[in-house]
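Hi there,

Here is the structure I promised to pass on to you. Have a look at it first, and my notes follow below.

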Amino acid sequence: MEGSKGESVFNSLNLNPQLFINEALNTVDDLVDDAFDFYQSQASAALKTEGSDRSQDLTLGISQVRALVQLGLDKRLAMWEKYCLNHCFSVPEGFSLPSNDESPGVTSINHDQDVDLDTELDLLRNKLSEVRKENIVLNQELQALERQTASSNSQISHFNEALQLYEQSSVNDMFQEMIKTASELRSKIGKMKKRRTEEAKLAKVEKVHTNGDISHHHNGFSNAKLDDIQEFLSDLKKI
């Protein structure tokens, strides 16, 4: 900026951008010094290193931490200084120093440029307003989708519960059906055994009739001995 038109403009207005930047940097350095001095005093009191061998170790450690902090801070401040000189304190094109018959605060910046800037600002405001409206609509749609998702999840949960109940009911029905079928089968087997037993008894009775045993025992009851009667009763029990 030295020797440039911008420097002459700032000098005419009793302004020095570099001086302002230097003072800001010095203020930052003072704040950093105070911060690390306070940090060291608090650390020393907390660790009780005053007057001990650990005091030098603490000082060395804090110095290394400060060096790292200062390195990053210096890079950022250098970028900030460059930005200020190139943008904040740059003289716009078309700017001219006030003439003798004008007050020091009056300049001859092109009014058409001001109009253009106002127009651009209005356009930006309108676009910002439209973006805000779209954002509101999108938020409403997002909330609606969230409600639909919650409703769908609830319906799925109810469906799963109903399906589980159905499956349990189906299992119970099948089990009851199996019990009923087993009971019927057991009853049929019992009836079949009973029928076969009766058929076997009838077959034996027919066999006795065929061989004339019953006639023999019947005709001889009056003259039969006790042993013959017991033998006859034993044959009946076997049938």
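Asp33 is partly exposed, because its relative accessible area is 27%, and "partly exposed" covers the range between buried (under 20%) and exposed (over 50%), using a 1.4 Å probe and protein chains only. Its partner is Arg66: the two form a salt bridge whose closest N and O atoms are 1.9 Å apart. This pair links distant parts of the chain, with Arg66 in helix H3 and Asp33 in helix H2, 33 residues apart. Arg66 is partly exposed too, with a relative accessible area of 25%.

Before going on, please note that this is a predicted model: local features need pLDDT of at least 70, side-chain atom pairs count only at pLDDT 80 or more, and totals for chains, interfaces and linings use all residues. Residues are numbered from 1 along each chain as its sequence is written, and side-chain values use heavy atoms, leaving out hydrogens and water.

How many salt bridges does the structure hold? There are two, counting a side-chain nitrogen of Lys or Arg within 4 Å of a carboxyl oxygen of Asp or Glu. Arg125 and Asp122 form one of them, with 2.9 Å between the closest N and O atoms. These residues are three apart in helix H4, so about one helical turn separates them. Asp122 has a relative accessible area of 40% and is therefore partly exposed.

Gln70 sits in helix H3 (residues 54-88). At 16% relative accessibility, Gln70 counts as buried. Leaving aside residues up to four places away in sequence, Gln70 touches Asp29 and Val32, where contact means heavy atoms within 4.5 Å.

Asp29 turns up again in a surface patch of negative charge, together with Asp30, Asp34, Asp37 and Asp74. Such patches are made of residues with over 30% relative accessible area and no salt bridge, with like charges joined within 9 Å; Asp and Glu count as negative, and the charge of Asp is placed at CG. Helix H2 (residues 17-47) gives the largest share of the patch, four residues. Asp37 lies in that helix and is partly exposed, at 48% relative accessible area.

As for the whole protein chain, it has six helices and zero strands; these are DSSP runs, numbered from the N terminus, with at least four residues (H or I) for a helix and at least two (E) for a strand. Buried residues make up 9% of its 239 residues.

Best wishes

Conventions
Patches are made of residues with over 30% relative accessible area and no salt bridge: like charges are joined within 9 Å, nonpolar side chains (Val, Leu, Ile, Met, Phe, Trp, Tyr) within 5 Å. Accessible areas come from the Shrake-Rupley method with a 1.4 Å probe; for residues, only the protein chains shown count as cover.
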